[in-house]
Amino acid sequence: MPDTHFYRYDEYDRRLVGERVEQFRDQVRRRLAGELTEEQFKPLRLTNGLYLQLHAYMLRIAIPYGTLSSRQLRKLAEISRKYDRGYGHFTTRQNLQLHWIKLEQAPDAIAALAEVDMHSIQTSGNCVRNTTADHFAGAAVDEIEDPRVWCEIVRQWSTLHPEFSFLPRKFKIAITGSPNDRAAVRVHDIGLRLWRNDQGEVGFEVIVGGGLGRTPMIGKTLREFLPKDELLAYLEATLRVYNRYGRRDNLFKARIKILVHEIGAEKMCEEVEAEYESMKDSALRLAPETIEAIAGQFAPPPLQPGRTRVPEVEALKLEDRNFALWLKSNVAPHRVPGHAIVTASLKPAGAPPGDASAAQMEGVADIADAYSQSEIRVSHEQNLVLPHVAIEDLPAVYRALDRLGFAEANVGKITDIIACPGLDYCALANARSIPVAQRISRHFAALSRQHDIGDLKIKISGCINACGHHHVGHIGILGVDKNGIELYQISLGGDVDFGRTALGTILGPAVPAEKIVDAVDALVATYLEARSAGERFVDTYRRLGVQPFKDRVYAAV
Amino acid sequence: MAKNLSGDLRVASANRLVDGMVVFLDDAGQWAERLDRAAVARDTRSAEILLQRARLESFGIVEPFLVAVSEGEDGRIEPLSLREKIRASGLTFAAIAAEAVRYA
Amino acid sequence: MPLFREGSAAPVANDQPAPLPLADWLKDRVGPAVALANTDDVNELQPELASLTLITLHFPRFSDGRAYSQARLLRERLGYRGELRAAGDVLQDQLPFLLRCGFDSFESDQKGFGEALARARTLFSVVYQPTKDGRPTASQLRLFGRRVTLSAAE
């Protein structure tokens, strides 16, 4: 088994995950025997990632900090075949969802996960969820420090935390190690941003109370600079304040963002700092050896610096227009010269966004073995990433991805749509999102047109819970139900890129499904006609405001 | 052509505990996988009784509830709401095929 | 409501005085036993805390986890050594967490609770977080292991 370049479980991690499987197996047995009511069982299955959806149980598998080895990805493929219908969906929190799980087989499915050091612990329920990171971590040019080290530290601290397993509501943490925030830290319950101060020390900006959903909010800075070794103590203080004072009377007002909103950021800060002051010298202070031992496991792979301009690549660029476009949109610079970060687009025109069949997962694992140090990442935009590809291997990777159907040159473009599963799968949804995504992506499939339109992020949610992150889409689409008809509310100008976080502005009355493509067409046309050189869609919108877009859309629908 | 869209017709539905599959209570008080086997309540009182029965037969299923349906000329039952249509008949698009890869 | 303590799968006799609700106890601040609502501030028990023999904390629903914080503050911050009882909606699947937070007696009418209590401490042989239950965390064990290895190598 090849060594990974990220955290490897030791006997302690393995024992815990194995014991968790056995605990859940017993809980399932008791439920099926009628010894537990559904009300008693529900939180137990949720904290093992098992939702009851429209048609079946859905299992949400944790992919900590979006990082997978090829061995793990193959196992996910095998599990999707054996326990599901041969495919899975990569989510906006870097997890994998399987939509057709049987309760009676769920313990076996998570036992299979445990074989490759994976689990579904706390991917649902009122507890601390999967801590997400920048999907380019460890490879990005602009990175200050690898955030995944801290994601792993937080993962362990938050797993089966005895005090925080029955919070008022779910709790999501994201960490970025780069000034260009690819982890959307300002729309998380806690966001952590690594940065270097004037003394040259690296610490965390701690941001609290961001979130999407019914009441979207951008997080407030709780602490400008927190020394790294104090992270767990500070998180514990924050969680304790939340556990004690978060609302428990109203499901829709129970997130920490509401607490911050109601008492104010300043008071929140006081409460956390007071609690933190009482525990600063606690056992939670991280020993340097502990940090180093974990950080060491994320040491970069041994990549040989190489040429940036490779003749074979240059030649193929001229020969193959799609390859040229693919290089522009799907390939990002790597910190090691001669290397690149490749995004496999899981958004082929007309396909359900973010889905991969078992065979496709295995195909990506093979490519990772051959060309990316056996490592794969999951982005929160529902794509897969090959983080360590040599530039000279780009033609081979492109061809291999193309055979899988994952080489569409559309990353960051109009057809790189983020969509939640929606009413086709989800018991919470009001409207479908996947057919809307399919319709839009088919309409805009022509690649040269997509590249002309440029960077444009469409994000679709089937209900107010916003799992599709529509609030932060350049174009956000929210499905609503009005008298049994599916209607779609459009918003403009949301963003989580380049350290800029903005919530979208609603355009006007919701439009029916048949008019969505016309509406998007009108938005694009407005942009193309009005744009200045170098302006992206969202930049033109910021310059002109909503009116010209609104007028054009409602003339067209 | 559907008649009786007023919502007077109801069936009882739930998800099966063991596998989450959508099921409907049939005339024999068993939970059937197919909507066309469902017992149909034709007025409010019968609907109440149907739901009570569903709750009594609750071992092996999760949280039964009533679904409003319409009945076609041919006797075909269909749920009124899109959500229940989807529950009864599945995804409204083709999910990724299991072997969607072409290896050169 | 049956009362359970570790060491017995069967319910045990309730040999403690009936706890006073906090508001009543605050009148005289005497009495060895207090019952807190999960919104009460544990600091109000100072400085008499050391003389208390029983504090009961409340779970209005098992999903309402405020008493876990109260328990840890009492045990770890304020050093309470008497009996700490969980009352209300107390279910066996919460036992590993309850024990780690410092509870040592439980009111529950759930079938099989006593047997579950007997197993609860060993359900997980590894813990990640330090509490006052004395269990070394995985981090601490790893550190100890590394230091032993280092000193052995010297």
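Over the ring of which residue does the charged end of R214(A) sit? The answer is F252(A), with the charged end 3.9 Å from the ring centre. A charge counts as sitting over a ring if NZ of Lys or CZ of Arg is within 6 Å of the ring centre and within 35 degrees of the ring normal. R85(A) does likewise with W100(A), lying over the face at 3.8 Å from the ring centre.

A word on the ground rules. This is a predicted model, with local features needing pLDDT of at least 70 and side-chain atom pairs counting only at pLDDT 80 or more, while totals for chains, interfaces and linings use all residues. Residues are numbered from 1 along each chain as its sequence is written, chains are lettered from A and ligands numbered from 1 in the order in which they are written, and side-chain values use heavy atoms, leaving out hydrogens and water.

Turning to chain C, its secondary structure comes to 5 helices and 6 strands (DSSP runs numbered from the N terminus, with helices being H or I of at least four residues and strands E of at least two). Along the sequence these follow the pattern β-β-α-β-β-α-β-α-β-α-α. The C-alpha atoms of chain C fill a box of roughly 65 × 40 × 25 Å along the principal axes. Of its 154 residues, 49% are buried, where buried means under 20% relative accessible area, exposed over 50%, and partly exposed in between (1.4 Å probe, protein chains only). Take the contacts in chain C (heavy atoms within 4.5 Å) between residues at least 6 apart in sequence: 47% of them join residues at least 24 apart.

Helix α2 of chain C (residues 66-77) has 12 residues and reaches 16 Å from its first C-alpha to its last, close to the 16 Å expected; the expected span is 1.5 Å times one less than the number of residues. Because 10 of the 12 residues are buried, α2(C) is largely enclosed by the rest of the structure. Among those buried are R66(C), Y68(C), R72(C) and R75(C). The buried residues pack against α6 (231-245) and α8 (265-277) of chain A, and also against β4 (54-59), β5 (83-88) and α3 of chain C. After α2(C) comes G79(C), with a positive phi near 70 degrees.

Rings of Phe, Tyr and Trp (its six-membered ring) pair if their centres lie within 6.5 Å, with planes under 30 degrees apart counting as stacked, over 60 as edge-to-face and the rest as tilted. F166(A) and F97(C) have ring centres 6.2 Å apart and planes at 80 degrees, so this pair is edge-to-face. The pair crosses between chains, from the loop between α5 (148-158) and β7 (173-176) of chain A to helix α3 (residues 95-101) of chain C. Both F166(A) and F97(C) are buried. Ring pairs also tie these two into a cluster with F59(C), F62(C), Y68(C) and F103(C).

Back in chain A, H135(A) sits in the loop between β6 (132-133) and α5. H135(A) is buried, its relative accessible area being 9%. Beyond its neighbours within four places in sequence, H135(A) is in contact with residues including Q94(A), R182(A), R377(A) and H380(A).
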